[in-house]
Amino acid sequence: MSLITKYEFEAPEEGIKLLILAAVHGNETAGTKACNRLMAELNSGMVTLKKGFLTIVPVCNPEAYRKDVRCVEENLNRVMTFHENPQTYEQRLANEICPLIKRSRVTLDLHSTHCPGDVPFAFCDYPDKYNQTLINALDVEYVLEGWPEIYGRQQQITDYSTEHCAHVYGKTATTLECGYHKAPEAAELAYRAIVGTLAAFGMTDGELPFSCRKQRIRMDSFVIKEREGKLCRAYKHLDKISKGERLAVYDDGEALYAPDDGYILLPNLEADLGTEWYYLGSAI
Ligand SMILES: [Zn+2]
């Protein structure tokens, strides 16, 4: 029996195969709400699919979703590859999701973040014409690039993300972080992202979304929290930082400084030891 539930919508005309994923992290429910809203509209005929094939998985990690936690045994977005001999719940989920990514030309993976006021943004790990089209359809100002490069350089953590999975199969995925999980605006942004994506790929007759100006940011490095310590203030994602600014301090007194002017990205005030504490980025 499968662990996930997928919903499929086939249009009368040939077109692109699109996959929408939500709640890869179980407590990131903005995308789930958006998926459910769109599916209700498709089922009622309010929205008609003209071209292509749409697959929606509104809850990619059902057990974590039920418990309102990020994951059950491990981060699903770090094990998104086919596991010959799956050892964890998330690896079993990955074995069901990867074939869907493989068969889809484009995947839109909807996430949300942990703090009220978080700014929405997209990841573009492997730029190509498909995710360029997709990103143009998203109502976000910030696009983060260079994730695979830093994980290639810094070997501490293996990056089996949704985007990596698609790339390995010669396909395209984009991750959209819709803002704070519980903010209604995040679900609204996720919904507009789906509708905009369908229009941008000609799958519906919907209006082409207004393309806002994008600020591209290159991710330069990440910092692993090696011992107990804390960030020097309650940094938020995309806060600007100055060269030499003290960013974090370990309990033994060692401090970590900003190597350059730029941005602090994805700071995790409650990072577990051995995991990503924050990332550093610069404007492109
Ligand atoms: Zn997430």
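Author: The following account concerns the contact between the two domains.

The model is predicted: local features need pLDDT of at least 70, side-chain atom pairs count only at pLDDT 80 or more, and totals for chains, interfaces and linings use all residues. Residues are numbered from 1 along each chain as its sequence is written, and side-chain values use heavy atoms, with hydrogens and water left out.

The protein consists of domain 1 (7–200) and domain 2 (220–283), with bounds from an automatic or database domain assignment. Domain 1 provides 17 residues to the contact and domain 2 provides 12 residues, where contact means heavy atoms within 4.5 Å. The centres of the two domains, taken over C-alpha atoms, lie 27 Å apart.

Between them, domain 1 and domain 2 bury about 1,200 Å², of which 65% is on carbon and sulfur atoms; buried area is the accessible area (1.4 Å probe) that two parts lose on being put together, summed over both.

One salt bridge is counted between the domains, the term denoting a side-chain nitrogen of Lys or Arg within 4 Å of a carboxyl oxygen of Asp or Glu. Arg 78 and Glu 276 form a salt bridge, and their closest N and O atoms are 3.6 Å apart.

On the side of domain 1 that touches domain 2, the elements giving two or more residues are β5 (121–124), β6 (142–145) and α5 (147–153). Helices (H or I, at least four residues) and strands (E, at least two) are DSSP runs, numbered from the N terminus. The largest share of this side, four residues, belongs to α5.
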